[in-house]
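Please read the points below beside the sequence and the 3D view.

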Amino acid sequence: MLGKMIKHEFKATGRLYLPMFLITIALTPILSLIFKISGGRESVIGGLISGTSVFFYVVMLIGLCFASFIYVIIRFYKTVATSEAYLTFCLPVKTKDILISKLFVSVIWEFLSVGVVLLSIFITLCIQGSSIPQRVFDTICKVAPIVAAEYGSVFLFFVHLAVMILISSIAGTLTFFLAICLGQLFNEHRVIMSIAMYLVVYMISQFISMAVFMPFILSGEKSIVIGKVTAANISFNGLPTMGMMFAVSALEIVLGVAYYIVCHTVMKKKMNVR
């Protein structure tokens, strides 16, 4: 049943995401070429066209990220906290399947949105003939010895980094889900209370993070030197960067599990649908 829920969620949300992705990819080379052609002309009209194309390009990417982010929240709110929730909770499925399916699909769309934005930027840089991709690659090559010294290989570092980003994305999405669920515990002004609950949850998570990592920050910093490559201030009191990253991941997992448990409990026992 979980698979069917995920499939249904993808169909319902793909109607918005897929057109946005296709439009972004289609407009990227067009706006980039307009900017490149008009930017080489020293005239008022050329400058106006160039500036307009850059403006629309930036607005397009910001709009894609913003729309993806907002739609995740609106979709969850409409299907679990409004009149549509009656249909959602009347389905012969467990509450955990509803929550997991929405979380899974939301995180996938978030990653795809970021991927489309990065692909669009890469296409633009290639069309413009920018040296930024090469500089990024050179920087990675310079940092590689430091990373390899702790992880054994650069590949393992990127795997750990990808897992960290995934964990952080899941925990971040659950933060919004939790705020919406907590907001439904109030009888009035539920949208406002959901926003207030998000601020409360965010501040609590930041307080916990500071309480966990402040001792390392206050205890001083230590530089790591490997060969001729120096990376200053990337570890606290001799704690390896890898150890710090594992600590961050562990904290995100603990918070994410706590958010999930509270969301599941509220959706199952306390949700007051209107």
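1. Tyr17 counts as buried, because its relative accessibility is 1%, where buried means under 20% relative accessible area, exposed over 50% and partly exposed in between, with a 1.4 Å probe and protein chains only. This is a predicted model, in which local features need pLDDT of at least 70 and side-chain atom pairs count only at pLDDT 80 or more, while totals for chains, interfaces and linings use all residues. Residues are numbered from 1 along each chain as its sequence is written, and side-chain values use heavy atoms, with hydrogens and water left out.

2. Trp109, at 6% relative accessibility, is also buried. The centres of the rings of Tyr17 and Trp109 are 4.7 Å apart and their planes meet at 10°, so this pair is stacked; rings of Phe, Tyr and Trp (its six-membered ring) pair if their centres lie within 6.5 Å, and planes under 30 degrees apart count as stacked, over 60 as edge-to-face and the rest as tilted. Because Tyr17 lies in helix H1 and Trp109 in helix H4, the pair ties together parts that are 92 residues apart in sequence. Helices here are DSSP runs (H or I, at least four residues), numbered from the N terminus.

3. The structure holds 12 aromatic pairs. One of them joins Phe10 and Trp109 edge-to-face, with 5.7 Å from centre to centre and 70° between the planes. This pair links distant parts of the chain, since Phe10 belongs to helix H1 (residues 2-39) and Trp109 to helix H4 (residues 95-128), 99 residues apart. Phe10 itself counts as partly exposed, at 26% relative accessibility. Ring pairs link Phe10, Tyr17, Phe21, Tyr71, Phe104 and Trp109 into a cluster.

4. How many cavities of 30 Å³ or more does a search of the whole structure find? The search finds 1, where a cavity is a set of points, on a 1 Å grid over the protein atoms alone, at which a 1.4 Å probe fits but cannot get out. The largest cavity has a volume of about 50 Å³, a volume being the space filled by probe spheres set on the grid points, which are joined across faces, edges and corners.

5. Among the residues lining the largest cavity are Tyr17, Tyr71 and Trp109; lining residues have an atom within 4 Å of a point. H1, helix H2 (44-81) and H4 each supply at least two residues of this lining, and H4 gives the most, with 4 residues.

Methods
1 Å grid on protein atoms, 1.4 Å probe; cavity = no way out; pocket = protein on both sides within 12 Å on 5 of 7 lines; lining within 4 Å.
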